[in-house]
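These notebook entries record what I looked up in the structure. I begin with the chain as a whole and then turn to single places in it.

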Amino acid sequence: MPLNGQVVFPGVAVQPRVDASRDQSHHQPACPRPAHLPAPQDASPCPSSYLHPGQSSTGITPVHRATVVDNMIAAAARLGLNNDSLFTAVAVLDRFLAVKPVLLPLLPLLQPTAIACLWVASKYEQLVVPPVLHYATLVHGSDNSLASNSVHLSKQLLVELEAEILAALDFRLAAIVTVKSFKGWLMQQLHTSKAAAAMSRRQLDQLYCMTSYLTEVSLLEYRLLPSKPSQVASAAFVYAHVLLGLQVGSALQLTNSTLPELTALLEVFCALHSTLSAALHLGRPYNVTAKYRNPVVCGVANIPPMTIPAEQRVGGW
């Protein structure tokens, strides 16, 4: 099954715009109410060498992975899944590909496997899950006009892939900790901080939505897999402050991080944001960009990237 989309920049293939209005997880952009919970327990990074040349026998590249993850973002929005399901599904996909490299030919099965991961994750994360028929129509892309016999075969394939995925992960979905978990914890800390008291409601909404956008963008980038979820969430939170013109010092304090610890990740986020913004201006936005252009989420994907040269900002974000 060929992956649709035209590769415009290294890393991700551009997909058509999707409707963000069905993504129920972003209808309340304001900061969550404080829960006074301890930080989630950090997880070990996912194996990050499974797509390296010489180690991968799947034929899958980081570009293929980024394309299918962007498709997963669109599929999750169409299915009305929450972002816990999306982040867990991408983590499941990476872990499955890392431990199951002999499932050949895997490249034609990449899109069906991604939808199966969404199905598995949503059944773990949500009380109400869309019928399997809705997932089956997305197995071969975004075409919902498949013949009934094709949908039946897709349902069978999903069931078989679900069994493969759960067996490969030894049914240990509870061991997965995602970037979103730490993003939620950071926003809870922000809500009770002095920094939040100095912000307007609009600034808080923009900060929450921009941090959400950047953490979701991080799902596309294979190079971020070696980093712990807490580090990625912290970098997204700090970079959101940079883009919105907010105080970076307070963000570093809330994340309990130092600038040298996050500089490499901030550079990755800056490059990712520039790539997505360039694709948007070419009229071919990524699915994740289209999702966050919606006014419901403050239209944060429309905010331009930084233009300060890297050598001038490394020491003074």
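Among contacts in the protein chain between residues at least 6 apart in sequence, what percentage join residues at least 24 apart? I found 78%, where contact means heavy atoms within 4.5 Å.

**Entry 1: the model and its confidence**

I note that this is a predicted model, in which local features need pLDDT of at least 70 and side-chain atom pairs count only at pLDDT 80 or more, whereas totals for chains, interfaces and linings use all residues. Residues are numbered from 1 along each chain as its sequence is written, and side-chain values use heavy atoms, with hydrogens and water left out.

I looked up the pLDDT, the predictor's confidence in each residue, from 0 to 100. The average for the protein chain is 81, and 74% of the residues score at least 70. Residues 1-37 stay under 50, and the model has 104 contacts for them beyond four places in sequence. Residues 310-317 are also below 50, with 19 contacts beyond near neighbours in sequence.

**Entry 2: the chain as a whole**

I recorded 13 helices and 2 strands in the protein chain. Helices (H or I, at least four residues) and strands (E, at least two) are DSSP runs, numbered from the N terminus. Of the 317 residues, 54% are buried. Buried means under 20% relative accessible area, exposed over 50%, and partly exposed in between, with a 1.4 Å probe and protein chains only.

**Entry 3: helices H8, H9 and H10**

I examined H8 (residues 201-217) against H9 (residues 229-244). The axes of H8 and H9 come within 9 Å and cross at roughly 125°. Axes are lines fitted to C-alpha atoms, for helices over the stretch in contact, and angles run from 0 to 180 degrees between N-to-C directions. H8 and H9 are therefore oblique to each other. Angles under 35 degrees count as roughly parallel, over 145 as roughly antiparallel, 65 to 115 as roughly perpendicular and the rest as oblique. Residues of H8 that meet H9 include Leu207, Met210 and Leu214.

How do the axes of H9 and H10 cross? I found that they come within 9 Å and cross at roughly 165°, so H9 and H10 are roughly antiparallel. On the H9 side, Ser234, Phe237, Val238, His241 and Val242 take part; H10 contributes Val248, Ser250, Ala251, Leu252, Leu254 and Thr255.

**Entry 4: Gln206 and the cysteines**

Beyond its neighbours within four places in sequence, Gln206 contacts Leu244, Cys298 and Val300.

I then looked for disulfides, each a pair of cysteine sulfur atoms within 2.5 Å, and the count is 0. The sulfur of Cys298 lies 3.8 Å from the closest cysteine sulfur, that of Cys209, which is too far for a bond. Cys298 is partly exposed at 22% relative accessible area, whereas Cys270 is buried at 4%.

I located Gly184 in helix H6 (residues 179-191); Gly184 counts as buried at 18% relative accessibility. Its C-alpha atom is 9.3 Å from that of Tyr208, 24 residues apart along the chain.

Pro305 is in the loop between helix H12 (287-291) and helix H13 (310-313). Which residues does Pro305 touch, not counting those up to four places away in sequence? I found Leu243, His273, Ser274 and Ser277. Pro305 and Ser274 are 31 residues apart in sequence, and 5.5 Å apart from C-alpha to C-alpha.
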